[in-house]
Amino acid sequence: LTVDTPDGEYRLSCDWLIVADGANSDVRTMCGLESSGRVFKDRFLIADIVMKAGFPPERWFNFDPSYHPGQSTLLHRQSDDVWRLDFQLGWDKDPEYEKQPENVIPRVRAMMGDDVEFELEWASVYTFQCRRMQRFRQGRILFTGDAAHQVSPFGARGANSGLQDTDNLVWKLGLVMQGRAPEALLNSYCDEREYAADENIMNSTRATDFITPKSTASHTFRDATLELSKRFSFAQKLTNSGRLSDAAFLTESALNTPDEDEFAGDMVPGAVAADAPVAGEDGGRWLLSALGNRFSCLFFADSADQVSEELLAAVTTMQAADIPVEPLLVTSSSAAPLAGVRTLHDSQGLAGKRYDAQPGTAYLVRPDQHVCARWRAPDAGRLQQALQRATGN
C-alpha cells in the first residue's frame with residue numbers, strides 16, 4: 001500500500017487488508033470494482049443546530065407539515081445540546097444553494113418557531129442510495145461498512161451494519177491468521193454479511209418509498225395510511241419512518257448445526273443471541289456481557305447433576321484448546337457453583353424463557369453472539385462437531 005498524508009507518502013505491506021474507507025472507496029476503485037443498486041432521485045438538507053430545547057428529547061417525523069408543504073422533515077437529539085434536522089428538498093433543488101446558512105436558517109425558524117434560540121453548527125445535502133458490492137471479499141482484500149454497502153439513512157442501518165460487519169469478520173480473520181481455521185472460513189463473512197446487506201437494503205428501500213413516494217399510486221397509499229392512522233391502530237403500524245436496525249438472523253449460514261431436538265421461540269441456529277438480566281459472580285448483570293466475544297457454551301440447569309461430568313470435563317478441556325470455549329452455567333436456583341464454570345443466576349427466569357430452556361439444555365454461541373448450535377441433551381462429541389463446523393474446520 002502507498003499511503004498519502006499531509007506530510008508525504010509512505011509505503012507499507014500487509015497480509016490482509018480490511019477496507020473501511022467509506023462510500024466513495026478509493027481502494028474499491030483501484031481494484032476496478034463497483035457497487036450497484038438504486039439511487040433515489042431525492043435530496044435532503046441536513047442541519048445540526050445547538051439549542052436548549054424546552055421539550056422532551058423525542059424523535060419528530062412530520063409528513064407534509066404546514067411549514068414545509070408537500071415534503072417531510074425529521075428532528076432528533078444528539079449529544080451536547082445538538083439537534084439534527086432533516087428537510088426533504090426534492091430532486092430539482094441546487095445542493096450548493098440550499099446548504100448556505102442564509103437559506104438554511106429560515107427553514108429552521110419555520111420549523112422551530114421564531115422564539116427558539118439556536119446556532120447553526122453544520123449543514124449539508126445528501127442523496128439516498130441503496131447499493132452494494134457483488135462480493136465483499138477479493139482474495140486477501142475484505143470490504144466492510146459503506147465501502148461494501150450503502151443504505152438510506154432511515155432506521156440507523158448504516159453505522160450499525162458496519163459494526164456488525166467487523167463483529168462478523170474479525171474473529172474469523174483472527175482464527176485464519178493464527179492457523180486455527182482454513183482461509184475458506186472468510187467466505188462465510190461474504191455469505192452472511194451480503195445477506196444482511198440485502199435485508200438492510202430491502203427495509204431501507206421500503207422506508208424511503210414511504211417517506212418520499214415517487215408515483216401517484218404510492219402517494220395515494222401513503223397519504224391514506226397517514227389519514228387512517230389518526231383513528232385506527234392497524235394503520236399506525238403501517239406508518240414507516242424507518243424500521244429501526246436489527247442484526248440479521250443468519251439462519252441459512254453454513255456454520256450452523258441444524259437442530260436435532262424440538263425447541264420453541266426465536267433462538268434458532270443463526271439467531272442473534274437474546275439478552276436477559278442475570279446476576280454473575282463478577283457483578284455482571286446481563287447475559288450478553290457474560291458471553292463477551294469468544295465461543296461460549298450456555299448450560300441451563302437447576303443443579304450440578306443436570307450437567308454430565310463427561311460433558312463438563314470436555315468443555316473444561318476445550319477452554320484450553322486451540323479454539324477455546326468458555327462454559328457458563330445459567331440457573332434460576334441457588335445451586336452450588338460448578339468447579340471451573342462461571343455461574344449466572346437467572347432469578348427472573350427470563351433467560352430460560354427466551355431460550356426455551358429445560359434442565360440440561362445447552363447452546364453454543366459464536367464470538368459475534370450468534371447462536372450456532374443447541375441441544376436438549378448434548379454430549380462432548382456433538383459439541384466438538386458443532387465447534388468444528390462453526391469455524392470452517
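Analyst: What follows goes through the sheet, then a loop residue, then a surface patch. The model is predicted, and the description should be read with that in mind.

The sheet is an open one in which three strands are arranged in the order 3-10-9, with mixed pairing. Its edges are formed by strand 3 (17-19) and strand 9 (137-138), each of which pairs on one side only. Strand 3 runs parallel to strand 10 (residues 141-143), and three bridges join the two. Within this pairing, Ile-18 stands opposite Leu-142 of strand 10. In general, the strands of a sheet pair through backbone hydrogen bonds, and may do so in parallel or antiparallel fashion.

Turning to the loop, Val-307 lies between strand 13 (295-300) and helix 9 (309-319). Val-307 counts as buried because its relative accessibility is 6%, under the cut-off of 20%. Apart from neighbours within four places in sequence, Val-307 is in contact with Phe-299, Ala-301, Leu-312 and Leu-329. The C-alpha atom of Val-307 is also separated by 8.9 Å from that of Thr-361, although the two residues are 54 residues apart along the chain.

At the surface, Leu-228, Phe-232, Phe-234 and Leu-238 form a nonpolar patch, and together they have about 360 Å² of accessible area. Leu-228 belongs to helix 6 (residues 216-229), and because its relative accessibility is 31%, Leu-228 counts as partly exposed.

Methods: Residues are numbered from 1 along each chain as its sequence is written. This is a predicted model: local features need pLDDT of at least 70, side-chain atom pairs count only at pLDDT 80 or more; totals for chains, interfaces and linings use all residues. Side-chain values use heavy atoms; hydrogens and water are left out. Patches are made of residues with over 30% relative accessible area and no salt bridge: like charges are joined within 9 Å, nonpolar side chains (Val, Leu, Ile, Met, Phe, Trp, Tyr) within 5 Å. Accessible areas come from the Shrake-Rupley method with a 1.4 Å probe; for residues, only the protein chains shown count as cover. A salt bridge is a side-chain nitrogen of Lys or Arg within 4 Å of a carboxyl oxygen of Asp or Glu. Helices (H or I, at least four residues) and strands (E, at least two) are DSSP runs, numbered from the N terminus. Buried means under 20% relative accessible area, exposed over 50%, partly exposed in between (1.4 Å probe, protein chains only). Two strands pair if DSSP finds at least two bridges between them. Contact means heavy atoms within 4.5 Å.
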